[in-house]
Amino acid sequence: MTDVGLLRQQIALLIERKRYGDAGRLLSEAISSEPEDPGFKLLAARLGIATADYRSARDNLEAALAQHPDNAEARQLMFELLCETGQFVEAEQTIIGLLHDYPEEAYFYALYAALMLKTLHIDKAAALAREGLRLDPTSSLSQVISLMVDVIEDRSHDASRRLEELVRENPDALHVAWSVVLVLQSRHRYAEALQVLRGIFRSVPDDKEAVAALIEMRVLSHWSMLPLTPLQRYGWVGSGVLWAVAVLSVFLADRFAPQITSSLVVFYLGYVVYSWLWPPMLKRWLSARGF
Amino acid sequence: MSETIEELAEILLRDPFDTQARARYADALYEAGDWQAGLEQYRLLCRQEPTAAAGFLGAARSLVKLEDLAAARIEYDKATDCGDFEPQDDLEIALKDGPAPALRVVGGRAVPRSEDADIVRISSARTTRFVDIVGMEDLKKTVRLRIIDPFLKPGLFAKFKKRAGGGLLLYGPPGCGKTLLARAIANECDATFIHVGISDVLSMWIGASEQNLRAMFDKARAHRPSVLFFDELDALAYSRSKAQSDHTRSTVNEFLNQLDGMAGENEQVLILAATNMPWDVDPAMKRPGRFDRSIFVPPPDAAARAEMFRAKLVGVPTKRLDYQKLGESSAYASGADIDGIIEEAKDRVLADIMEGGEDRALTQDDLLAAIRDFEPSTMDWLRTARNLVKYGGADKSYKDVEAYLKTARL
Ligand SMILES: Nc1ncnc2c1ncn2[C@@H]1O[C@H](COP(=O)(O)OP(=O)(O)OP(=O)(O)O)[C@@H](O)[C@H]1O
Ligand SMILES: [Mg+2]
């Protein structure tokens, strides 16, 4: 390997090990001595994505793509960047372009599947992961996504525990696991979402988002939140209906059984207060005590 | 005046500010012929008492014994500036023929770098001893009992069927003295210290990492008794589950092989490692026989911080500093943070002088203001550790941290 090649490898390994400071230092030295080297630009983009410095990532990628518009690595990084910044339409176009040029590349199918999972197109994600597995049965990302689809579809028994393991053991799984959490949460399957989040948290304990999400999910999955299910599940509609029922029942009670009216009123008021005060109190308590 | 070196070391362990004990300790080391260690203590004494001649004179005498006359003359000259200086006949005679300090070229770089240049025979080189580490009393006791004594007296431990093998992992927030402690351990074991730092790791990545790693272990075996210290272990043994590259896998596998292979040949080779990110270290590294003992190196407590302020401000013009107060108000600051605070305070003074033109010394207020504007760099680490303990599920690997967090009320 040449000197430049070695330097690239060192920087790539530093980024992989989350030693962003060391990587940045080596990289800026490298770039100042070899400003036109496309490899360093891609590494700078990788570093930008890893450290959420998306502007630098984009600048470097655009410069690299201006030199070599067909470079697959640059295009793949662009896809990752677009996913990170929530530009899913552009991301989809990029990955379709890549699949057009590399129709046999299982990893690109898996990446596409991951994007579909992220945007809650579960069926499409499943189909793409299947295609990825057909092209390369050992593709770990495709395997992870299939398993995640299984979890979401509630097909495999004990899947969320397997998923937690997978997240701990497979670097690819981490990115995708977040999507699964979102899906599970949107389906009110809090206990499973909690399990997946635990896996995420254990593998990246220094991620503040993971901690916050974990606590939030623990609150949602706590048994004392059960009475609030209608509010959680149906949102404003739920509380509107509840309100209407309350007013109606108090009205009817007043009419036909006035002796229970006051208990009813107290009950409803209690419920309102409970729904208001309990979740934040529970959150405090759980995050102070741990779980 | 009749204490042994060990007793004096104990006294200093309890109270590092006891300058009289330190002077006696330095004298005792000098008398015992350990001039290098004596010199280190005299130098510390000079920092603690920069206006007293005794420290400089002791340093000068040690340097004479170590045959560095030029340096000895510099120390002697410093002593002459002190208020309580009295001419010393023995030193006057010893230094009469030495080269004048002005002629001394300080650039000691001309020493040819031999193959073993990175291997430092601790007992003869710049030493860090347990007494030089401020605070950490319990930790030092544990390390002495569990690491150093078994290393020095393997026979005794074998008699009680106690296994001496296995590595020791130091972990904790950045800048709190892990590297320092590792050096001190090597020194207390009186062993060759082989330090594998991040730059060695980087160069190890060039070409076949496995071979380079193996070479490190071979070197350690060839230089027994030795301490092989992997600083920043997470860089070298990054969790295989978090890194895709084959490179990581093969390096970690080789590392595990070497650690396991050591079992038969590890006599007189102590393996130490340090990391800020124990959660990124491959879990297989922590299995029995490998780094099965880990020690949490906490941030310095208030007294240790006070002492660090004192040591780091020697030679800076200051005015009536209350070190204890400084230590108390800089909660959670690490050794490296204290450097930062002092630099910031100096900047304030210099900015004032530039603006107002009036010369003034560094005051307590400058330091307190710098402390107020300062976010301790250990906080992120401590929060992460707290979260792991609280929300990570049943995992006993961080119980030391848990105990510390309880006392730190974080
Ligand atoms: N207990 C201590 N006594 C004296 N000095 C200390 C102590 N702790 C830290 N320091 C000082 O703080 C600085 C940083 O210490 P060191 O390099 O050992 O930290 P570290 O834990 O290895 O940090 P990192 O994790 O960043 O490698 C050193 O200059 C050291 O002198
Ligand atoms: Mg260190």
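A salt bridge is taken here as a side-chain nitrogen of Lys or Arg within 4 Å of a carboxyl oxygen of Asp or Glu, and across the interface of chain A and chain B this rule finds four of them. The model is predicted, so local features need pLDDT of at least 70 and side-chain atom pairs count only at pLDDT 80 or more, whereas totals for chains, interfaces and linings use all residues. Residues are numbered from 1 along each chain as its sequence is written, chains are lettered from A in the order in which they are written, and side-chain values use heavy atoms, with hydrogens and water left out.

**The interface of chains A and B**

With contact meaning heavy atoms within 4.5 Å, 31 residues of chain A meet 28 residues of chain B. The two chains bury about 2600 Å² between them, 55% of it on carbon and sulfur atoms, where buried area is the accessible area (1.4 Å probe) that two parts lose on being put together, summed over both. On the chain A side, A:Glu16, A:Arg17 and A:Arg19 lose the most area to chain B, together 25% of what that side buries.

The interface also holds 15 residue pairs in polar contact, both residues being at pLDDT 80 or more; a polar contact is a pair of N or O atoms within 3.5 Å, in which, within protein, one must be able to donate a hydrogen and the other to accept it, and residues adjacent in sequence count only if both atoms are side-chain atoms. Among the elements that give two or more residues to the chain A side are α1 (3-16), α2 (20-33) and α15 (261-289) of chain A, and α1(A) gives the most, with six residues. Helices (H or I, at least four residues) and strands (E, at least two) are DSSP runs, numbered from the N terminus.

**Salt bridges**

Over all chains, a search of the whole structure finds 37 salt bridges. Four of these pairs are set out below.

| Pair | Closest N to O distance |
|---|---|
| B:Asp380 and A:Lys208 | 3.7 Å |
| B:Arg129 and B:Asp34 | 3.8 Å |
| B:Asp282 and B:Arg240 | 2.8 Å |

B:Asp282 and B:Arg240 are both buried, with buried meaning under 20% relative accessible area, exposed over 50% and partly exposed in between (1.4 Å probe, protein chains only). Salt bridges that share partners join A:Arg19, A:Asp22, A:Arg25, B:Glu232 and B:Asp234 into one network. B:Asp380 is partly exposed at a relative accessible area of 44%, while A:Lys208 counts as exposed at 58%. B:Arg129 counts as partly exposed at 23% relative accessibility, as does B:Asp34 at 26%.

**Domains 1 and 2 of chain B**

By an automatic or database domain assignment, chain B is divided into domain 1 (5-99), domain 2 (130-296) and domain 3 (302-372). The C-alpha centres of domain 1 and domain 2 of chain B lie 35 Å apart, and the contact takes seven residues from domain 1 and four residues from domain 2. Between these two domains of chain B the buried area is about 520 Å², of which carbon and sulfur atoms give 60%.
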